[in-house]
Amino acid sequence: MWRTRAAAACVICRSLANKSYGIKRKSPLQNLHLVSRSIHHPCYPSSKFQRPPLRISVQLFSSLNRLPLRKTKLLNVKYGYQFHRNFWLARLASRLLKIRYLILGSAVGGGYTAKKTYDQWKDMMPDLDEYKWIIPDFVWELDEHIDFEKLIKALPDTEDLAKLLPDFDKIGESFTSLKGFFSPGSPGETAFRATDQGYDNDKQYKKGLLGELILLQQQIQQHEEEARRAADQYNMGSSQQKRKVSDKEKIDQLQEELLRTQLKYQRMLERLEKENKELRKLVLQRDDKGIHQRKLKKSLIDMYSEVLDILSDYDASYNTQDHLPRVVVVGDQSAGKTSVLEMIAQARIFPRGSGEMMTRSPVKVTLSEGPHHVALFKDSSREFDLTKEEDLAALRNEIEIRMRNSVKEGCTVSTETISLSVKGPGLQRMVLVDLPGVISTVTSGMAPDTKETIFSISKAYMQNPNAIILCIQDGSVDAERSIVTDLVSQMDPQGKRTIFVLTKVDLAEKNVASPSRIQQIIEGKLFPMKALGYFAVVTGKGNSSESIESIKEYEEEFFQNSKLLKTCMLKAHQVTTKNLSLAVSDCFWKMVRESVEQQADAFKATRFNLETEWKNNYPRLRELDRNELFEKAKNEILDEVISLTQVTPKHWEEILQKTLWERVSTHVIENIYLPAAQTTNSGTFNTTVDIKLKQWTDKQLPNKAVEVAWETLQEEFSRFMTEQKGKEHDDIFDKLKQAVKEESIKRHKWNERAEDSLRVIQHNALEDRSISDKQQWDAAIHFMEETLQSRLKDTESVIEDMVGPDWKKRWLYWIGRTKEQNIRNETKNELEKLIKCNEEHAAYLANDEVTTVRKNLEARGVTVDPCLIKDTWHQIYRRYFLKTALNHCNLCRRGFYYYQRHFVDSELECNDIVLFWRIQRMLAITANTLRQQLTNTEVRRLEKNVKEVLEDFAEDNEKKVKLLTGKRVQLAEDLKKVREIQEKLEAFIEALHQEK
């Protein structure tokens, strides 16, 4: 079939090729389609033709791919007149063949190409059968459970979705306006960049005002450009002198219009801030009342202030310097530092004086936002309401008192920092330190080193590389008289952290002959110092009774009418304390964010060093700081006081009786017993004894007994306090215990009524003479013998010292006598002869006896003074009397029988035994009475005094530092401080990151 059709086509082709129609053209075979030509037999030289490029996608493929396909070039055929009617059959056949083969070739070639492309792509794709487990099984079954067609029908149309999208054109216009408003150098950029006061819920409320502010800002920029161009034109050469008057009027008109626009912008900005302030106050009041039922966290600035307070008390023994930012306010005396600070705090909180130094110590003021305008000190819970004049006066008085108390004797200023916190709606959050004003001369009444002390304090604060220096310069005085500018330029030569403030600009404008001098100051061209920014402020008319509101109004009114603004010497964002506070707050928080993490790392390293040192030196001890050690010592001391109640009554009475007799024995022997023993009969002896005992009891004995009891209590208390308890004893508490003991004893006072009751008891005990049994009689004799032997021993020792060693000691120890001892020895021998001659001799020598002894000694060549004879006689007779009394005691051992019969019909008299029994019984009764008073009353009172002393010491940090000392205590204190600082810094950094 195929061959038949090909043969027919060949016949037609030949017939067409052999004909000639008088037309210049080449072979009509060129009119055939490529497919038609391709099926011709080999007799036709198909290699002479080039295949034209086809536009279909299957031009390189054919269903007869066994035949070679070659590109042929079609010849340009010029058609003329030809008879189509004779060849309509051939043309029809050729066209039919063309269409059929085109369709057939395209279908076969396209299918083949698609299959081949699909196979290629399939080979390139990876085999994902191994990863089917990643996708859950229910995903493959979603189409069984979800009707996606219904879901597609439920979706809104494209037009509806377009309506829900915002208008991006309007948003773009708004961003363009805001970009111009917040461009660098604009007033809005400084005001709104300084703080993050706004809340999201206030944005819609302020939308209208914000738009007006943007328009005003654009107008201000336009007016500034016009004024600048007009000023340039006004300053041109002599060719434009004819237009000078009109240009000057134009410049003035533009400047006035610019100033009006700026003031309008400033008023709208203040109105916006006032409304924002009221809204924030309402929000803070709601939080303060607990409406949200949540616990409020500390504000960011309060957390930062706590860190600074801890650092001010920290002794940097490990070179960890305090480089945390704060705003340091420095300036010459009376330059207006305090006034600027009060304008920023919006309250007259500092004491004031005309020309007198009022700031005598650094004052750290922490400004934060709160619902109420209040102030409070770090170490006090009292809040001062800054809206009430009486509270303001009380606050100023308290600050002045604290300043004067911090100044040591002989000084004028102090380095101790007074920490004050001020809260209120609309306050900029920052920490400022007001320093004493720099002086050039020390006046009368000041300490000689006042000037150097102020310089050292200022340098110490400004040396902090992260401190912001607020340099205050008085604009009403000559710039050449400034002292603080040189000091600031030394500490911050590049001016990277200095803000310059020119105060009293109103007085400067009146007094300065050339206003351009003020412009030079604000532009930083006059002083040899550099600064981040320059500001001009007015802090009132100089009246101390002015309110903050009146000062603000006066400041605004002054700058509205000031030529400095009208002539563009000052820019609007460089004036008023409001703009100053915004700029200072912005710099403060920028410095905080840049440096706080570095400081936290420094304290972290310090903590590691301290912990390592503790582990190496005190591996088995807990890290107890000074307060914890004090509590431990307090418990030990109270336990020791309680131990006094555990002392047995017998021990108390033995100590009291022994101590009391040691105290009164001399009086009893010398003033009672010896005089009574000189009597001749027992009646006189008893009378003398009764009189002497009554006088002694009324005047001396009760007081002596109370003294003995109090001393005994002290000794027992000291014994318990100082007694070491083996391995548990910690000598670090010794100084504290000693101080507590001394202070407690000093405060303790014995009950005054104790002496009266004790006097009655002692008097009754001494009046009793009835010895009931032999045992008491023997006890009295034993007591008398011990007393007399003790006295005799003491007397022998005194005589030996007077006359020197005897012959045995001289020979054994080669000790000789002095000249005086030889004289006394000769006197002693002479006096002993006198006693031997008269054993009943009285206790005192008569004058003639003294003369006789002296002459006898002179006869032997010994010159002696009469006073020496009497003194030697006193000791010789005393020894003789004591020996006689001891012999009498031995005789009285069997005298109890005679005593019961009142010594009737007996030559033996033992009244001295009865005397010592009365003394002994009085001592026992007194000791018992004192013991009861001690255990029932005085020990408890002493315990109460100890508790009071410990409580007082606990509140006195200086006392604890003085009493608890040593490397161990200081190391524990440093560890505690560094840990606390690091923890608070980390909490602050976390809160700071959350606020971002």
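Me: Why does Trp-661 count as buried?
Reply: Its relative accessibility is 12%. Buried means under 20% relative accessible area, exposed over 50% and partly exposed in between, with a 1.4 Å probe and protein chains only. Trp-661 therefore counts as buried.

Me: What kind of model is this, and what confidence must local features have?
Reply: The model is predicted; local features need pLDDT of at least 70 and side-chain atom pairs 80 or more, while totals for chains, interfaces and linings use all residues. Residues are numbered from 1 along each chain as its sequence is written, and side-chain values use heavy atoms, leaving out hydrogens and water.

Me: Why is the pair of Trp-661 and Phe-783 called tilted?
Reply: Rings of Phe, Tyr and Trp (its six-membered ring) pair if their centres lie within 6.5 Å; planes under 30 degrees apart are stacked, over 60 edge-to-face, and the rest tilted. That rule gives 16 aromatic pairs. For Trp-661 and Phe-783 the centres are 4.9 Å apart and the planes stand at 55 degrees, so this pair is tilted.

Me: What makes it a link between distant parts of the chain?
Reply: Trp-661 belongs to helix H23 and Phe-783 to helix H28 (residues 774-803), 122 residues apart. Phe-783 has a relative accessible area of 10%, so it is buried. Both rings belong to one aromatic cluster, together with Tyr-673, Phe-881 and Phe-916.

Me: How do you know that H23 and H32 are roughly perpendicular?
Reply: The axes of H23 (residues 649-677) and H32 cross at roughly 70 degrees and come within 12 Å. Axes are lines fitted to C-alpha atoms, for helices over the stretch in contact, with angles from 0 to 180 degrees between N-to-C directions. Under 35 degrees counts as roughly parallel, over 145 as roughly antiparallel, 65 to 115 as roughly perpendicular, and the rest as oblique. H23 and H32 are therefore roughly perpendicular.

Me: Which residues make the contact?
Reply: H23 supplies Ile-669, Glu-670, Tyr-673, Leu-674 and Ala-677, and H32 supplies His-874, Arg-878, Phe-881 and Ala-885; contact means heavy atoms within 4.5 Å.

Me: Why does Val-862 count as buried?
Reply: Val-862 has 13% relative accessibility, so by the cut-off above it is buried. It lies in the loop between helix H31 (847-859) and helix H32 (866-892); helices (H or I, at least four residues) and strands (E, at least two) are DSSP runs numbered from the N terminus. Leaving aside residues up to four places away in sequence, Val-862 touches Ile-823, Glu-826 and Leu-857. Its C-alpha is 6.6 Å from that of Ile-823, 39 residues away in sequence.

Me: Where is confidence lowest, and where highest?
Reply: Helix H2 (residues 34-38) has the lowest mean, 36, and strand S1 (residues 327-331) the highest, 92; pLDDT is the predictor's confidence in each residue, from 0 to 100. Over residues 1-86 the pLDDT is below 50, although this stretch has 79 contacts in the model beyond near neighbours in sequence. Where pLDDT is low, the predicted coordinates should not be read in detail.
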